[in-house]
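Please walk me through this structure in the viewer. Tell me what to select at each stop and what I will find there.

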Amino acid sequence: MSTVEPRSPKPEARGRLALLFTLSLLLFGCQPVSETASQPEEVIFWHFWGGEDRPIVEQIVVDFNASQQQYRVRAIAMPGNNLDLKFFLSVAGGDPPDLLNHDEPVIADWAHRDVLLPLGEMATPEELDRLNDWLFPAAKQLGSYDGKLYALANGLDIRALYCNQTMLEEHSLPLPRTIADLDRIAETIAPPGQQEYQRMGFLPNPDRLWAWGVVFGGTFWNPAASETRSMITADDPKNVAALEWMAGYSQRYGPSVVSSFRSGEQALTGTSFLMLADRRYAVMMDGQWRLRDLAAARDTGAGGLAVQGEEDTPQDKFTVVPLPPPPGGVKNAGWVNGNSFIVPKNSKCPQGAWEFMKFWSGLDNEARAAQACADGGWIPVSHEVVNQPAYQQALRDEPLLNVFVELASSENQHPTPPLPVAAYYLQQVKRAAQNVMFREGTATPEAVLHGAAERVRLRLEEVLHEE
Amino acid sequence: MKSNAMNDNHETSSNIAGKVLVVLATALFAIPLVWMVLTSLKTPEQIANAPYSWWPSPLRWENYREAVSAMPFLRYLVNTLVLCLGSVAGTLFSCTLAAYAFARLRFPGRNLLFAVLIATMLLPWQVTMAPRFLLIRELGLYDSLGALIAPTFLGNAFYIFLLRQFFLTIPQDMIEAARMDGASELGILWRIALPLARPALATVALLQFVAAWNNYGGPLLYLNDPQHFPLAYGLERFVSSHSTQTHLLMAAAVLFTLPIVAAFFLAQRLFLRGIATTGLKG
Amino acid sequence: MSLKRQELIAGLTMTGPWVLGLLTLTLYPFAASLWWSFCEYDLLGQPRWVGGSNYARLARDISTGGQFWQALGNTAYYAVASVLLSVLVGVSLATLLSQTIRGRTLMRTLCFLPAVVPTVAAAVLWMWLLDPQAGLVNKALTTLELPAQNWFRGTSAAAWPTSWPTDAGGRVFGSKDGLVLMSVWGIGNLLVIYLAAIGDVPRALYEAAEIDGASPWRKFLHVTLPMLTPVIFFNVVMGLIQSVQAFTDVYLVSDGQGDPAGATMTVSLYLFLTAFKDLDMGYASAMAWLLFVIVAMATWWLFRTSRKWVHQ
């Protein structure tokens, strides 16, 4: 049994070994020993893509394998959770995959634990330089930890406000351009004080305090902080102001109404887009992937009133606008998430992994990447990809996509802070905001955000000072 | 005469009440199943636009064809069957022996061992998963169906406990009589306990079959090569955080559930035979 | 060879495979997690001994009513409610399904099948059925002029009876009750066990009762129920152990984070998030071992009291 427990002698020794390993890889690449053998090097690739995206991903892999002889990517798909567990076990067992694609904020956590290869180990300095200008600011932030790029994003998740224009016009309401507009939409379509509500003009989702805080001018992270504690800024007064605004909805409608309406956005029932289903909302925050649902509804003539059996009435019209700021707030702001490639430290073929991630993200290969993004309705990580004919065509086919692409290029879209407590931080803030909005009680926005910030500070100190 | 008639009346009325109740209860259990089947025939547009409507319109039978052709169905099915049958064999072998010992033998340390058996179920998998994985790896079972089948030959606390409860109901005098006749314990288990416990064995076999059929997390942890994956894995491909294909998921779920109906019918005949034998001997 | 010796040898041989499994596959994981509970361990590096500080953190959390304490409360609520309901529904449904009635096989199959439906599909189904706004269950309730419930979305710490009269609009049931309902729907495995146990009741006992002119209800009360007690006991013990560790459905329904506002954050989910998202395996192990002690004590108590009511 003693053969199981110790995985490697000592951290420093392990580090040295890894260095030696990567050096040898840099020297020899992972090319086959003899050119004539022409046995392609295998790149084991784990990812989380399912549903409608799976065939597109499978096609990218096929195309990559056909595009060159040196590497062969073997993809294994599994839901994100299983991906995490399998990754931890593979690290413990000493044979991680060669490449991962992930969509949760794990990069800082894992990079801090020294199990990821920085991109600099695979990319040439020239490529790294080029990446710096090539990537959207949000995509760059998404992959960075401690001043180094550890991940290459291959798609961004951008959120904006979907608006049912027909519903707004029926009430002579303008599209929401300010916070006051949003409040008026909510109060006009669903005047507070009723026993039951059939529909809502708008309801803020507590999980999206991460976006609204930034829109209100707040930050969640101070990279320049001199001491660990002050890096965490969840209790920034501007974030508090955002949560106070959100809590106002809960006070007007009551926590149980707010929580019961929220249910439509949960991950699994997210299989249906409630903007379309029964006009439950006039305005709703959601991501670019909902455009697919809108398009499908347009094609089948469903959506809005038509579903309710009145076949003569025209379909509802939908549009998308960025999150509107309050006076003194920030434009085109929000919380951004995305999919990124990471290479585990003991990857047997980091160079092959690097070639594949470049192929998918589109560095050197913008046209193919643009086609994949157009097929999947994904948001590219670079202007260069957006500018390709295939993606330009997608923008013409679905003009609403422009709003999301414009937001993707904004400087004001921020991911979860790249700290080695990112997952914990993300969850603590969501739970704090939910406590204010969903529970009866006296918890004030300021108190819950302060509490969450303190918990995260404590954890961050533990994590940063444990060595 | 009179009281007898009343008694009959009483019986029939309570019989009818029982029958009405069971039909109602079954209906309640069946409603979500019906919903599942109906959803499996809807178009994705209908699910998206009218998620609360009952009837599929139009009917989309292609969902089934698409669901099956989206994965190497036969290969996954074969893997699943190997997994199910192997683990049922392992479970029946190891658990029957241990359960009989716990229920019917008095040996020193029995109660302590039984307490340990129960205790092994109390620690959540989240904290035991990693070391267990490394052990299985060390045993050279990683990335083979053996990683999932071999452990079943080493017993499972849940089934041992369950079978013990069944063995406890076998009348002690039958066992004592056999012992007096000089039968070995294995002989008693084989000739007396097992025939009497046939419904229980059928139950354990069915439960383990279903558990292996549905096991998804285990194969994903212990297998690497998609060639080894079971059907349950194929099902997950329709799920994604932003683009779940509910129509295909439900079609696959219906197909996935159907074979169990067959297994259940089979096991059920064993319950009935169990009643008959017990009735004759009891 | 004495009978005693013979029994000892038979006992050790027969439990042999399981003991081998215990020594090879169970002992080491248990020891490792106990060791980790005294370490700072992030799964990716090496465990570092920190003494009892994880347990001190737990004590602080519990004394201040923190997130672990709330998770314990949620777990206790879910476990007690689902175990009680599973015994009640399991015994009565299995008894009903044992009647001689046409279509019995079909009905048994239908009641069993939910246990086979993959959890992902079941979670999707139930989130539709229990949608507070338009779900089938709430529609049925409002048709019967009963108040709609906030299934899966209510936050009240204990849905009922504390909030029964006071909660606005008669919204009595909450998120945990939705989970309990889902677990009762998937009761099939238990149903099979009960059906088998009823099948095991010697027919002679019923015949004797019939000669005494017992009604079906009395037969149930005096023959079936006592003969079922070993299995009921099994149901209670295993129900407790399994509901405390329930994970997949909780994870799916709660958006993987105990939504809403931690109302469905069970210990098992909290453990998972702590270990695999926060990479705090040391603290998670301490939680697991505290849970171990609590459930072990409850189980011990159940075994002790079982002598009074379980037919042996």
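The tour below goes from an interface to segments, helix pairs and backbone details.

**Stop 1: chains C and B together**

This is a predicted model. Show chain C and chain B side by side. The size of an interface is often given as the accessible area lost when the parts come together. Here that area is about 8,800 Å², and carbon and sulfur atoms give 79% of it. The contact draws 98 residues from chain C and 104 residues from chain B. Now pick out C:Met14, C:Trp18 and C:Trp128. On the chain C side these three lose the most area to chain B, together 10% of what that side buries.

**Stop 2: annotated segments of chain C**

An unreviewed UniProt entry annotates residues 12-38, 76-97, 109-129, 179-199, 220-241 and 281-303 as "transmembrane region". Select two of these in turn.

- Residues 12-38 of chain C: 93% helix, 0% strand, with end C-alpha atoms 35 Å apart.
- Residues 179-199 of chain C: 90% helix, 0% strand, with end C-alpha atoms 31 Å apart.

**Stop 3: the annotated domain of chain B**

Move to chain B and select residues 77-267. UniProt (unreviewed entry) places the feature "domain: ABC transmembrane type-1" there. The chain over residues 77-267 of chain B is 73% helix and 0% strand. The end C-alpha atoms of that stretch are 20 Å apart.

**Stop 4: a helix pair in chain B**

Two packed helices are described by the angle between their axes and the distance between the axes. Select α8 (residues 157-168) and α11 (residues 198-214) of chain B. At what angle do their axes cross? The axes of α8 and α11 of chain B cross at roughly 160° and come within 10 Å. Angles over 145 degrees count as roughly antiparallel, so α8(B) is roughly antiparallel to α11(B). The crossing of α8(B) past α11(B) is right-handed.

From α8(B) come B:Phe158, B:Tyr159, B:Leu162, B:Leu163 and B:Phe166. They meet B:Ala200, B:Leu201, B:Val204, B:Leu207, B:Gln208 and B:Ala211 of α11(B). The contact of α8(B) with α11(B) has ten nonpolar residues, one polar and no charged.

**Stop 5: a helix pair in chain A**

Now select α2 (residues 53-67) and α15 (366-376) of chain A. These two helices pack at about 165°, with axes 10 Å apart. α2(A) and α15(A) are therefore roughly antiparallel. α2(A) passes α15(A) in a right-handed crossing.

On the α2(A) side, the contact is made by A:Asp53, A:Ile56, A:Gln59, A:Ile60 and A:Asp63. On the α15(A) side, A:Arg368, A:Ala372, A:Asp375 and A:Gly376 take part. How do the residues of the contact of α2(A) with α15(A) divide? Three are nonpolar, two polar and four charged.

**Stop 6: backbone details in loops**

Most residues other than glycine have a negative phi, and most peptide bonds are trans.

- A:Asp364 has a phi near 75°, a positive value in a residue other than glycine. Find A:Asp364 in the loop between α14 (350-361) and α15 (366-376) of chain A.
- B:Ser57 to B:Pro58 is a cis peptide bond, with omega near 0°. B:Pro58 sits in the loop between α2 (44-49) and α3 (62-69) of chain B.
- C:Asp259 to C:Pro260 is a cis peptide bond, with omega near -10°. C:Pro260 sits in the loop between α11 (248-253) and α12 (267-277) of chain C.

Note on methods
Residues are numbered from 1 along each chain as its sequence is written. Chains are lettered from A and ligands numbered from 1 in the order in which they are written. This is a predicted model: local features need pLDDT of at least 70, side-chain atom pairs count only at pLDDT 80 or more; totals for chains, interfaces and linings use all residues. Side-chain values use heavy atoms; hydrogens and water are left out. UniProt positions are given in the numbering used here, feature names are shortened, and annotations may be inferred rather than shown by experiment. Helices (H or I, at least four residues) and strands (E, at least two) are DSSP runs, numbered from the N terminus. Axes are lines fitted to C-alpha atoms, for helices over the stretch in contact, and angles run from 0 to 180 degrees between N-to-C directions. Angles under 35 degrees count as roughly parallel, over 145 as roughly antiparallel, 65 to 115 as roughly perpendicular and the rest as oblique. A crossing is left-handed if the near helix is turned anticlockwise from the far one by less than a right angle, and right-handed if clockwise. Contact means heavy atoms within 4.5 Å. Ala, Val, Leu, Ile, Met, Phe, Trp, Tyr, Cys and Pro count as nonpolar, Asp, Glu, Lys and Arg as charged, and the others, Gly among them, as polar. Buried area is the accessible area (1.4 Å probe) that two parts lose on being put together, summed over both.
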